[in-house]
Amino acid sequence: MHNFTYHSPTKVIFGQGTVPKIVPELQKAGISRVLLLTGGKSVFASGLYDTIVTLFREAGISFETVSGVQPNPRLSKVREAVEAAGKSRAQAVVPVGGGSVFDSSKAIAAAVGSGHDVWDIITRKHAITGALPIFGILTLSGTSSEINDTAVINNTDTNDKMPVAHPLLYPAVSIVDPSLQYTVPLQQVRYGGFDTIVHVLESYLAGNDTAGVITEHSEAYVRAVMRCLNALPEKLNDYATRSELTFCATYAFSGWCGLGRASRGDFATHRIGHALSALYDMPHAVTLSVIIPNWMEYVLGKGLNRDVFARFAVTVLGVPETAADPAAAGIDALRAFIHSLDMPSRLRDVDITAKDIPALAENAARTLPFGSVIPMDLATITAVLERSL
Ligand code: NZQ
Ligand code: ZN
């Protein structure tokens, strides 16, 4: 095993009926004024917003609400919320939503705590020197934003979707109640599940160079998520299925699957995917499904990671060990699984053609360096995109 440091300071409060626990957590931290951050509609339609507002009023916690965070969260909304947090002298940010709301809350927390423009922080012009604490309530699983130190924000003026990560951005507390997700549409549940799988694969497929327990643990995650997704739509409102999916989503990208490896993960699929979101406002999980099988083919074509891909095919995807080329058969099986989720596995499925590739590649190259199996540059990004057509 390679050396590692693992630090996961977020207190996760998991399970049905746990929303009210946010109040004592805020009180213990001496917080009485918060910025409440939400998405567009679901939190109001489900009644969750009213529940939280009632809890806060009863507990004497004052709040300023900023709503309307969109998927592929916009920098402009983050700036609006930074201003609101400053005016109301918020002591903490309370995101209520999915990855986009949590990611926005991290950017807000960093900008307020560091006293700099948020885009200057994301583009590393200014360091993160402080951050408001985050006490969140998750309504949609997939990203692990509720337990990690990362945020990804869209600047629609420059067409950049940029990640930022810092130890001060781990949420202090995340309430993860799977039953809040019963209102999530089937396709969105599938997106969250597929994002979870790719978070594991970014580490697992990068190389089999850690302890067996980490490798087997990673395989168990992917198998579990596939089993739960295959049980949908029948089990859409089944707590056992939804809580297992939620659990996997939270811990898949907590850093655990990358432990003991030479590289924490490859992440070329994610970074190229962010370019697709930046230029086409594509849902995050779809950006992954149109890249990862093709990235695998590209890697295999270079004669790399055949043993890792073959193991994945046999132990996770059910490809017979005796298959002529298990690694290649595994990619076909992954593609078939993607299609079974009603998701695309090629750029042409989402109307992207060869003429679009130069702009996409240039956009993805803005976030270099990335890629550990094949360290990426403009030429290799272009080649992966061409393979994905
Ligand atoms: O705005 P509302 O009406 O709430 O609708 C949202 C949104 O349209 C809806 N939704 C959320 N909770 C719901 C619900 N609908 C019904 N019932 C509920 N309980 O779901 C839609 C998508 O929400 P969003 O937050 O955008 O989805 P997700 O959680 O997949 O987050 C995606 C974002 O996270 C980033 C992605 O790039 C993308 O921008 N990621 C963040 C990561 C991280 N912080 O570590 C890692 C990931 O790889 C990813 O990059
Ligand atoms: Zn992801």
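Author: Welcome! Contact here means heavy atoms within 4.5 Å. By that rule R335 touches P293, N294, E297, S345 and R346, leaving out residues up to four places away in sequence. This is a predicted model, where local features need pLDDT of at least 70 and side-chain atom pairs count only at pLDDT 80 or more, while totals for chains, interfaces and linings use all residues. Residues are numbered from 1 along each chain as its sequence is written, chains are lettered from A and ligands numbered from 1 in the order in which they are written, and side-chain values use heavy atoms, with hydrogens and water left out.

Reader: Why is R335 called buried?

Author: Buried means under 20% relative accessible area, exposed means over 50%, and partly exposed lies in between (1.4 Å probe, protein chains only). R335 has 8% relative accessibility, so it counts as buried. You will find R335 in helix α14, residues 326–340; helices (H or I, at least four residues) and strands (E, at least two) are DSSP runs, numbered from the N terminus.

Reader: Where does K106 lie, and what does K106 touch?

Author: K106 belongs to helix α5, residues 99–114. Among the residues that K106 touches are I134, N148, D149 and L169. A polar atom of the K106 side chain is also 2.8 Å from the backbone oxygen of S145.

Reader: What makes D160 and R366 a salt bridge?

Author: Their closest N and O atoms are 2.8 Å apart, so the pair meets the distance rule. This pair links distant parts of the chain, 206 residues apart: D160 is in strand β7 (residues 160–165) and R366 in the loop between α15 and α16. D160 has a relative accessible area of 12% and is therefore buried, whereas R366, at 35%, is partly exposed.

Reader: How many salt bridges does the rule give?

Author: The count is 16. Another one joins E297 and R387, at 3.7 Å from N to O. E297 is in helix α12 (residues 292–301) and R387 in helix α16, so this pair ties together parts 90 residues apart in sequence. D120 and K125 form one too, with their closest N and O atoms 3.8 Å apart. K125 counts as exposed because its relative accessibility is 62%. K11, E25 and K28 are linked in a salt-bridge network.

Reader: Why is M1 called exposed?

Author: M1 has a relative accessible area of 61%, so it is exposed. M1 sits in the segment before β1 (11–14).

Notes: Polar contact = N/O pair within 3.5 Å; in protein donor to acceptor, adjacent residues only side chain to side chain. Salt bridge = Lys/Arg side-chain N within 4 Å of Asp/Glu carboxyl O.
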